[in-house]
Amino acid sequence: MPTGTQFGADAARGAATSCSYRTVGMLYLVMAIVAGLAGGLLAVGLQAGLLPQGLLDAWAGGDAAGAADRIARRHGMMMVFFCALPALCGGFGNWFVPLLLRARALAFPRMALAGWVLVAAGFVAVLAGLSPAVAPQVSVLALIAWCLGMLLQAINMVATILNMGPMGQRLRDLPMFVWAQGLTAMMAVMVMPVLAGGLTRIMLAGGDMGARIDTLLHVFAGPEIALLLLPSIGIVSQVVETFSNVPLQMPRVVLGALTVMSVGGASVWVHDLLHGGLEHMQAPAAMVQLGLIVLPVLAVLVAWGRTVRMGRVRASVPMEWAAGFVALLLAGSVMSLLPGGMADVHAATLYAAVFALFAGFYYWIGKMVGHVAPAGASRVHFGLTAGGTVLSLLAFHGMAGVLGAVLMGLSVLVFAGIVVRAGLRPAEALPDNYWGPGARTPEWQAHTPARGDA
């Protein structure tokens, strides 16, 4: 019996003989799941105080506070650089942009696989960098490899969107998810070489690399937030459109907002960084970058609100995750107005991207493997994640923080069970468009599960 596209060993074996968009997309998703589990376990252990003191001492050479800082930095890197962004862009992007374009392949299949290899190598190096015995240059090289991998992914995505669609297809007719992926890739093409150059300069300069890396990553927060939000908005736009049973309202407003966030945000960041350097990237520049994110987000929320009002919303697991994403966007917008709220905005954006990831997972899992996730377990996963997110945002430490860590840990276990069940269970005879008439985009005209070329 066919099993559809599967997680784990089958995807890894398939990469040896195939560079299809489905194989590369699944490899990114598998790596994102592994990175999310690793980063989540580190965060839960640190937040709940579950890490043994002896282990902390070993990691920090006797300095437990230093170990906590190191673990916190690695957690952030794993969740943003090796979980959220690879899954949003490399995973769902490689999987569904060709289907939405009705293309038979990516523009450069082997380049796509090479990008994944670089990102995966960077993830392994980041894990190794947890040990104090590993030289700090390893962490710098890991981030440089990540930049190069994501740059290859971005170049491939732009080339695929511009060249692999059917003859005569107009750009304005592309689905919003494809536009979001293309604009994310354009932003990555602009900012990744600059970030890689800054990391290379840090490595060549020597000295205290840790402090310089922290400064550079802090400055990168503006583009990082936009890179997380752009593909997330593409996913949620499609979910809102499907379960509202009407086409997305104000599509040009949404597209304009995404363009401002992508090209505008990247241009301002690169100009400010090259013009003044790290030491001159102070609060005014950060506020301009934040404004280029908050205002477009508010415009997108207005378009989604009008879509929901014009349609008849159906309750579903993907729509619940999309609602959580919207709530976190609103919370992040409010946080941006508070003094010193940049760190809170970053945390809210990361959690929002995770909600968008799960919205996409539950929305497309049937198309990928041939059966939808069980509704009961999916809603338990949503409830645990929502509760853990609220408590984690309100209080990182104390009893509320511990409870939030416990809930997040339980949600990780539930999701792991859903993934294992999805990977091992045989495919079913699902309809090609199992979400009904609200799903209008081209992937719902392809076979379920998607197999072979588009």
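How do the axes of helix H7 (residues 176-205) and helix H9 (residues 221-244) cross, and within what distance do they come?

1. The H7/H9 pair. The two axes come within 8 Å and cross at roughly 170°. Axes are lines fitted to C-alpha atoms over the stretch in contact, with angles from 0 to 180 degrees between N-to-C directions. H7 and H9 are therefore roughly antiparallel, a term for angles over 145 degrees.

2. Basis. This is a predicted model: local features need pLDDT of at least 70, side-chain atom pairs need 80 or more, and totals for chains, interfaces and linings use all residues. Residues are numbered from 1 along each chain as its sequence is written, and side-chain values use heavy atoms, without hydrogens or water.

3. Who meets whom. Contact means heavy atoms within 4.5 Å. On the H7 side, the residues include Phe177, Leu183 and Met187; among those they meet in H9 are Leu227, Leu230 and Ile235. The residues of this contact comprise 14 nonpolar, five polar and no charged.

4. Overall make-up. The protein chain has 15 helices and zero strands. Helices are DSSP runs of H or I with at least four residues; strands are E runs of at least two. Of its 454 residues, 54% are buried, meaning under 20% relative accessible area with a 1.4 Å probe.

5. The core. The largest nonpolar core holds 137 residues; Phe92, Trp146, Phe325 and Met368 touch the most other members. Helix H4 (residues 64-101) gives the most, 19 residues. Such a core is a set of buried Ala, Val, Leu, Ile, Met, Phe, Trp, Tyr and Cys residues joined through side-chain atoms within 4.5 Å.

6. Around Phe92. Beyond four places in sequence, its contacts include Phe177, Ile235, Trp364 and Met368.

Conventions. Buried means under 20% relative accessible area, exposed over 50%, partly exposed in between (1.4 Å probe, protein chains only). Angles under 35 degrees count as roughly parallel, over 145 as roughly antiparallel, 65 to 115 as roughly perpendicular and the rest as oblique. Ala, Val, Leu, Ile, Met, Phe, Trp, Tyr, Cys and Pro count as nonpolar, Asp, Glu, Lys and Arg as charged, and the others, Gly among them, as polar.
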